[in-house]
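Dear colleague,

Please find below the structure that I am handing over to you.

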Amino acid sequence: MDNVLQINNLDFTTLEGACAVRATRRSNTKAFPTQYDNCIGNEKIEFLFNTGTYIDPAKSSLVFKLRVNSSNGVFIKYSFDNYLYQNSGASVLNLISEIYHESKDGSLMYKQNYVNIMQTTREYIVSNAWKNNVGTLIGGFAADNPTFGYQDFATNRDVSINIPLSCLADFFSTRSLMHPTLLSGSKLTIILSNPKLNIIAFNGGTTTPMAVPADTTITLSDIGLNLQQVELYDGIQAVIKSSLLGGIKYPFYNVYNSKYEPTSTSFTFNIQFAASIVTYVAIKFFPRQRGAVTALESTIASASISDLSPTISNLDDNSLGFSIRARLNGKAYPNYNITTAPQAYLNTIQALTPISHSDTQNVDPLQNINHLGSGCVPYSNYCFNGETTGNARGGFIVAFSLEKNRDIGLSGESTTASKTISIEVEGFTKYELFDMYAQLQYLSVASIFENNVIISK
């Protein structure tokens, strides 16, 4: 062999490894304390990140054991076992009111409000495969088996829960590794919601929800974060470290939530928030007061079109019964008033569901096939007004894209104290029955330096 190499003037060496990762390990970071007994809402669970290594958020999760305490011994769900509410987005996340994350120096990196709107907007972004796999993992609706619906859980027993970090915040919705400085010394805080307002109780074997027992509380134990930690080779580390002098950019989407209580049939809902790139604003109508116990089949479901529309027999079956549109700095989104369910649906999926370009192998001239990650709310589930063929409720929202070109992305408008986003509503005759929740998505950028992190938006 050596002679052959010499004759042909060749040199034989083994290939260097193309992988930048030296090793990975899965660790568990405990909350302090690790157990919270008889929670009734507003309890704070805190995690301190001190890993010192890269984190793979796609393979990391929040874990705990959950026990719903009740003297009645009922069963609970996060939405009732009814296909009508399959797109409300209900899950164990019902039990979380807020989550926020602070950097080492105390700067706010992001804040998420759950119960208001986040779980419902996610329905327009995730696929049915996601609902069947991750969604059911966290107590959501089984999209591939509507007769199974939402899982039921016995009270007074522990249930192990595993929530992927990507379900907690868009900050973790990335396949990129997160730099140690980005998370080192940061603190993640989870605020619990009132369990009595966010679960559905029923007697086992029945199909009718009942009043949640007055003494219902929840206990969380063995609370921790399962983190996929990654170590890179020294040479790779050195290259990245040299880039810290100018700052490494980590962009991520963030959301701002606000609430409005209508006081008349026609009004303007002003959303005051300053950001350099705003991608969309989504509106959810939520009943101001829940009805009878038997009608309480979902705690986070939005109002259906049939709930919002006036009862007029000759009304267009696809009419909203009111008009709505957004406005920013004098420009309307869209230029016309949205008055029908088809208009509202198209605007919503175009704002929330990224659709890729077609090509010669997969011709899609209308761009109505999402090749990147389809949402799971078909129009038949969106439009339930009591007259048309719509067969689901609880997932009706109206969203407006603020992108200059939604196919390119990162082309959203900017907002300032003087350039506010306004939601214009006219002819909303049932205004006294509903509140409006807004979710505004904007781009944040974390600039990572050797000893600190700066968040800009």
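The notes below go from the overall fold to sheets, a helix, a loop residue and aromatic rings.

The model is predicted, so local features are given only at pLDDT of at least 70 and side-chain atom pairs only at pLDDT 80 or more, while totals for chains, interfaces and linings use all residues. Residues are numbered from 1 along each chain as its sequence is written, and side-chain values use heavy atoms, with hydrogens and water left out.

Overall fold

The protein has 9 helices and 24 strands; these are DSSP runs numbered from the N terminus, with helices being H or I of at least four residues and strands E of at least two. Of its 457 residues, 51% are buried, where buried means under 20% relative accessible area, exposed over 50% and partly exposed in between, with a 1.4 Å probe and protein chains only. Among contacts (heavy atoms within 4.5 Å) between residues at least 6 apart in sequence, 78% join residues at least 24 apart.

Strands and sheets

An open antiparallel sheet is formed by 4 strands in the order β3-β11-β7-β8; two strands pair if DSSP finds at least two bridges between them. Its edges are β3 and β8 (108–113), each of which has a single partner strand, so one side of each lacks a neighbour in the sheet. Within this sheet, β7 (residues 96–102) pairs with β8 in the antiparallel sense over 5 bridges, and Glu-98 has Asn-113 in β8 as its bridge partner.

Elsewhere, strand β22 (residues 421–426) is joined to β16 by 5 bridges, and the two run antiparallel; Phe-267 stands opposite Val-425 in β22. Strand β22 also pairs with β18 (residues 319–328), again in the antiparallel sense, over 6 bridges. There, Ser-323 has Glu-426 as its bridge partner.

Thr-53

Thr-53 lies in the loop between β3 (44–48) and β4 (54–55), and counts as buried because its relative accessibility is 9%. Its side chain makes a polar contact of 2.7 Å with that of Gln-229; a polar contact is a pair of N or O atoms within 3.5 Å, where within protein one must be able to donate a hydrogen and the other to accept it, and residues adjacent in sequence count only if both atoms are side-chain atoms. Leaving aside residues up to four places away in sequence, Thr-53 also touches others, including Arg-25, Met-178 and Pro-180.

Aromatic rings

Rings of Phe, Tyr and Trp (its six-membered ring) pair if their centres lie within 6.5 Å; planes under 30 degrees apart count as stacked, over 60 as edge-to-face and the rest as tilted. The count comes to 24 aromatic pairs. Phe-171 and Phe-172 form an edge-to-face pair, because their centres are 5.1 Å apart and their planes are at 85°. Phe-171 is buried at 1% relative accessibility, and Phe-172 is buried with a relative accessible area of 1%. Tyr-256 and Phe-273 are stacked, with centres 4.6 Å apart and planes at 20°. Tyr-256 is partly exposed at 27%, whereas Phe-273 is buried at 14%. Ring pairs also link a cluster that includes Tyr-260, Phe-267, Phe-322 and Tyr-345.

Yours sincerely
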